[in-house]
Amino acid sequence: MSYDHLSQVMTTLLDERPINAVDIIEDISKKVKRTQFSKKMDTLRDEYENSMAYSLAEVQKSLFVKAIETEEGAAVDHEEEVVDTPLPNVMELAYYFEHTGIGLSSDELYRIFLALKQLVETHPLQKCRFWGKVLGINGNYIIAEVDFREGEEDAEELGEEEDAEGKEDDKDDFGRTEEEETEELEDKPPKSTYKPPPVIPKEENRSGTNRYTYFVCSEPAKPWVKLPPVTPAQITVARKIKKFFTGNLDAPIISYPPFPGNEMNYLRAQIARISAGTQISPLGFYQFGEEEEEEEEGSVRENYEENPDFEGIAIAELLDSMANWVHHTQHILPQGRCVWFNPVQKKEEDFEEEEEEEEKEAPDEPEPEVGPPLLTPLSEDAEVNNIPPWTVKPSSNLIPQYASALVRSNLWPGAYTFAIGKKFENIYFGWGHKYSPENYSPPPAPPVQAEYTSGPDTTEVDDPTVEEEQALRAALEERLAAAEEAEEEEEEEEEEEEDDI
C-alpha cells in the first residue's frame, strides 16, 4: 500500500466517520482504488509504445527510397554515374575486412553505404571515404572523410566566417557590446599590461591538419553534421586529456587543462590525431609529383599522387617487414600544426610601428620543430615501453595464397589497415583514445602564486583613533609654529646686519 493511497483512505475515514471503521477499512480501500481507475475506452485495440528500434527504422526508410525522375530527358546515364561518382564501395571494403575479422555487421554497413550516398548527393564532393566509427557512452559517431570540389568549400567557409566575424566585431577585447561598455565607462578598472603569448593560427583548408573535411552522424539516415576546422590549441590540449564521448556534439568538455571548445571540436581533434598516426599504405602506392621533387630541401612536402606503375607487393613481403608500409598523412608537430609556424615573426604593419617606437630587445628566436616527412616507413616508428607500435598478421594461415595482410595499430587501438594486391584501406573502430602504458591521471594544477612581498607601502596597519589624530594634528601645528618663528628670527637678524652695514 503506497503512502498516497493510505493518506486517501485516512481522509475518507475522517470525512465519513463510520462507527465500525476497523471492519470496513478494506471496503473503503477498494472504493478508493475504484475511483482512481479510469478505463481507456477510446480504442478497440491495445496500443503499444514504439521502441527506439522501431523509431529508428521509420527514419531509415528514406534510405531505401529510390528517386524516380519523371521528366523527359532527366534520366542519368548510369555508366557515367558509376565512373564519376565519389561514392566509395563500402561493401567491397567490408568484404576484405570481414576476412580479417574486422568490421561491422553487413546490415549496418549497408545502411552506412546508403547514408554516404545521401551525403554525396547533397554536397559537391570530389572524394568521399568511410573513415570509421567512434564509440560513445550514449551514442556513436559515424564519420565520413570528404574533399570538396575546387572552390565549393571556399564559398561555404566564407559565409560562415563572415557571420562569425560580424558577431565578434560587435564586441570589444573583453567580449562586451557597446551598450555594456558605456555603462562601465564611469567606473572602469585600469587596463592590464599583460600580453598573452601569440595565438598559433590554424592551418588553411586542404593543407595540414585540415587537409580533409569531416561529416558525422549518429545513425544512418540522420542528418550529417559538418565538423569545424581544427586549431593547434585544440590538438595541444587534446593530447593532455582523456574524455569519453557522449554522443552529443554540443556537450561541454570539462577537463583540466580546459579544452577550447565542445565535444564537436574534441572529436575533430581526435580525428586529426588518429589520422596522422594510423593512415598508412604499401610502399610505392604513392609517390611525389615532379613539382614536389623540384622544391627546396627545407620545404615540407604536403602533396603526393598515386603511382600508376605500382604493381603491388607480395603478402609475404608485407608481413615480413614494416619497411614496406609508409605513412601517407603528415605528422602533427608538438605545436599542433603539420607545418611549423614561427610565433615571433611579425607582419609589415608591426615593423612600421616598431620604427616609430624606441628600439627594444628582440626576443630569442624559437627553434623550428621538425617531424618525419611524408611517406616515412613504419619501421622508423618508436616503441612505447618495448611494445612495437604495429602488429601485422595474415587474414588466414590455412590458405596463405589467398590471404590479405592486416596491420593493427598498438598506439591507437581500433585502427586497422588491410592490403592485398593493389588494394588497401584504412579504417577505425574505437573509443578515440590513445594507448597509454600507465593509468591516466589528470595533470596537477600549477603551484599557487606567491604572495606579494610585504613592505612599508603594502603593510596593513590599524586605523588611528580620534585622540591619536588630534594629538598628531597638535604636533604638526606646533612644528609649523616653530618653523614660522625660526623664519621670523632669521629675517630680523638679516635686517639688523644690513642696518649695521
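Q: Buried means under 20% relative accessible area, exposed means over 50%, and partly exposed lies in between (1.4 Å probe, protein chains only). Is cysteine 338 buried or exposed?

A: Cysteine 338 is buried, because its relative accessible area is 8%. Cysteine 217 is likewise classed as buried, since its relative accessibility is 3%. This is a predicted model, in which local features need pLDDT of at least 70 and side-chain atom pairs count only at pLDDT 80 or more, while totals for chains, interfaces and linings use all residues. Residues are numbered from 1 along each chain as its sequence is written, and side-chain values use heavy atoms, with hydrogens and water left out.

Q: How many disulfides does the count give?

A: A disulfide is a covalent bond between the sulfur atoms of two cysteines. Here the criterion is a pair of cysteine sulfur atoms within 2.5 Å, and by this rule the count is zero disulfides.

Q: What pLDDT does the protein average?

A: The pLDDT is the predictor's confidence in each residue, from 0 to 100. The protein averages 83, and 81% of the residues score at least 70. Over residues 68-82 the pLDDT is below 50, and this stretch has four contacts in the model beyond near neighbours in sequence, a contact being heavy atoms within 4.5 Å. Residues 164-174 also have a pLDDT below 50, with six contacts beyond near neighbours in sequence.

Q: How many helices and strands are there in the protein?

A: Helices (H or I, at least four residues) and strands (E, at least two) are DSSP runs, numbered from the N terminus. The protein has 14 helices and 12 strands. Of its 501 residues, 30% count as buried. Among contacts between residues at least 6 apart in sequence, 64% join residues at least 24 apart.

Q: Which residues form a nonpolar patch on the surface?

A: Patches are made of residues with over 30% relative accessible area and no salt bridge; like charges are joined within 9 Å, and nonpolar side chains (Val, Leu, Ile, Met, Phe, Trp, Tyr) within 5 Å. A salt bridge is a side-chain nitrogen of Lys or Arg within 4 Å of a carboxyl oxygen of Asp or Glu. Accessible areas come from the Shrake-Rupley method (1.4 Å probe; for residues, only the protein chains shown count as cover). In this model, Ile137, Phe244 and Trp431 form such a nonpolar patch, with about 340 Å² of accessible area together. Tryptophan 431 lies in the loop between strand S12 (423-430) and helix H14 (466-500), and counts as partly exposed because its relative accessibility is 38%. The protein exposes about 35,800 Å², of which carbon and sulfur atoms supply 50%.

Q: What value does phi of leucine 375 take, and where is leucine 375 placed?

A: Phi of leucine 375 is near 60 degrees, a positive value in a residue other than glycine. Leucine 375 is in the loop between H13 and S9, and is buried because its relative accessibility is 17%. Threonine 376 lies in the loop between helix H13 (348-356) and strand S9 (390-394). With 8% relative accessibility, threonine 376 is therefore buried. Neighbours within four places in sequence aside, threonine 376 is in contact with Trp325, Val326 and His327.

Alanine 221 also has a positive phi, near 85 degrees, in a residue other than glycine. This alanine 221 sits in the loop between strand S3 (213-217) and strand S4 (225-226), and is buried because its relative accessible area is 16%.

Q: Which residues does a cis peptide bond join?

A: A cis peptide bond joins tyrosine 256 and proline 257, with omega about 0 degrees. Proline 257 is in the loop between helix H9 (232-238) and helix H10 (263-278).
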